[in-house]
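Open the model in your viewer and keep the sequence panel beside it. The tour below goes stop by stop: select, look, move on.

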Amino acid sequence: MIDDRPVLDDHLHLDPDNHRGIDAVRDFARVGGTHLLVVNKPSWHLGVEAETGDDFRLVFERTIDIVDEASSELEGRAWPVLGVHPGLITRLVDDRDFSPDEARDLMQAGIDVAAEYVESGDALALKSGRPHYEVDDDVWAASNAVMRRAFDHGADLECAVQLHAEASEDMTEVADWATEAGMEPHRVVKHYASGRLEGPTPSVMSDKDRLETAAERGEPFLMETDYIDDPDRPGAVLGPKTVPRRVRWLLENGYDEAVEIAHVETPKAVYGIDTEATLERDG
């Protein structure tokens, strides 16, 4: 812990088999990290080339297993966030000869299965989104349909939906889609966000410039690394020690309220989790 505070990384990945896995969690905990939201890696990174929604279960169950291990290393705990990476649609259409509609149906089926784990209490939230790169109009429409299926489940289950999507500071249209589905729009979380975002709740990449922008705004936000735990890309994105180190930096620069917002207030509002009550405090 840092000054007896919870410290949450809102979005990172752990490879259960091929890279650092629990060692990354130990690094996070060693420098003061207490809570993690662990998002399943893209299905094909775990060797799963899904043909049906049920084929995603292996990905989800491996993620749940490593989250259980991660919790045993933390003063707080970890939670799984499960879903279908939106980049799968390109793999299906370009490499596996799916039509966009066929890809949509398979990915929606995967989201349906992920929702079962949320409903049973084995996962905290869902992951969906759309490509962050240029695609054909029919692929874009199919991707939006997958995301909207996730919002339907978010409404039914009263759970958050994390989005992997294009860089933007205004996603009010997407938040409106969530509202139309019956979700509270603040429960839509834009992963890999900048410090300023209209619509969803930003999960801010933890570089200093973005965090300073978010802290100055005084609006709800979360902090993340998007650590990918990939042996082929060891320097990609941010390392697992980054969020605790940035929390110290924020505190040193007088942003105590921003730390409270990112690690206590926003996790409670978005996910319904109590990061303070789940801490193991001595005495």
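Select Ile 2 first. Ile 2 sits in the segment before β1. This is a predicted model. Is Ile 2 buried or exposed? Its relative accessibility is 2%, so Ile 2 counts as buried; the cut-off for buried is under 20%. Now show what surrounds Ile 2. Leaving out residues up to four places away in sequence, Ile 2 touches Val 7, Val 31, Gly 32, Pro 244, Val 247, Arg 248 and Leu 251. Draw a C-alpha to C-alpha distance from Ile 2 to Pro 267: the two are 17 Å apart in space and 265 residues apart in sequence.

Step along to Asp 3. Asp 3 also lies in the segment before β1. Asp 3 has a relative accessible area of 62%, so it is exposed. Check its backbone: phi is near 55°, a positive value in a residue other than glycine. Most residues other than glycine have a negative phi.

Next, Asp 4. Asp 4 is again in the segment before β1, the strand that covers 8–12. With 44% relative accessibility, Asp 4 counts as partly exposed.

Jump to Glu 158. Glu 158 is in the loop between α5 and β5. Glu 158 has a positive phi of about 55° although it is not a glycine. Its relative accessibility is 61%, so Glu 158 counts as exposed.

Now go inside. Select Phe 60 and Phe 151. These two have the most contacts inside the largest nonpolar core, which has 43 residues. Colour the elements that give two or more residues to this core: α2 (57–71), α3 (88–95), α4 (100–120), α5 (137–157), β5 (161–164) and α6 (172–181). Which of them gives the most? It is α4, with 9 residues.

Stay on Phe 60 and show its contacts. Setting aside neighbours within four places in sequence, Phe 60 is in contact with Asn 40, Leu 82, Gly 83, Gly 110, Val 113, Ala 114 and Tyr 117. A second, separate core has 18 residues, including Ile 2, Ala 214, Ala 215 and Phe 221.

Move to Thr 266. Thr 266 lies in helix α9, residues 256–271. At 3% relative accessibility, Thr 266 counts as buried. What does Thr 266 touch? Not counting residues up to four places away in sequence, its partners are Thr 201, Pro 220, Phe 221, Leu 222, Ile 261 and Tyr 271.

Zoom out to the whole chain. The protein chain has 9 helices and 8 strands. Its radius of gyration is 18 Å, close to the 19 Å that the globule rule gives for 283 residues, so the chain is as compact as a globular protein of that length. Its C-alpha atoms fill a box of roughly 55 × 40 × 35 Å along the principal axes. Buried residues make up 55% of the 283 residues. Of the contacts with a separation of 6 or more, 70% join residues 24 or more positions apart.

The accessible surface comes to about 11800 Å², with 40% belonging to carbon and sulfur atoms. Colour by charge: there are 28 positive and 62 negative charges, and their mean positions are 5 Å apart.

Methods: Residues numbered from 1 in each chain as written. Predicted model: local features only at pLDDT ≥ 70, side-chain atom pairs only at ≥ 80, totals over all residues. Heavy atoms only, no water. Helix = DSSP H or I, 4+ residues; strand = E, 2+ residues; numbered from the N terminus. Rg over C-alpha atoms; globule rule 2.2 N^0.38 Å. Buried < 20%, exposed > 50% of the residue type's maximum accessible area, 1.4 Å probe, protein only. Contact = heavy atoms within 4.5 Å. Areas by Shrake-Rupley, 256 points an atom, 1.4 Å probe, with all protein chains shown as cover. Lys, Arg positive; Asp, Glu negative; His and termini not counted. Charge placed at Lys NZ, Arg CZ, Asp CG, Glu CD. Core = buried A, V, L, I, M, F, W, Y, C linked by side-chain atoms within 4.5 Å.
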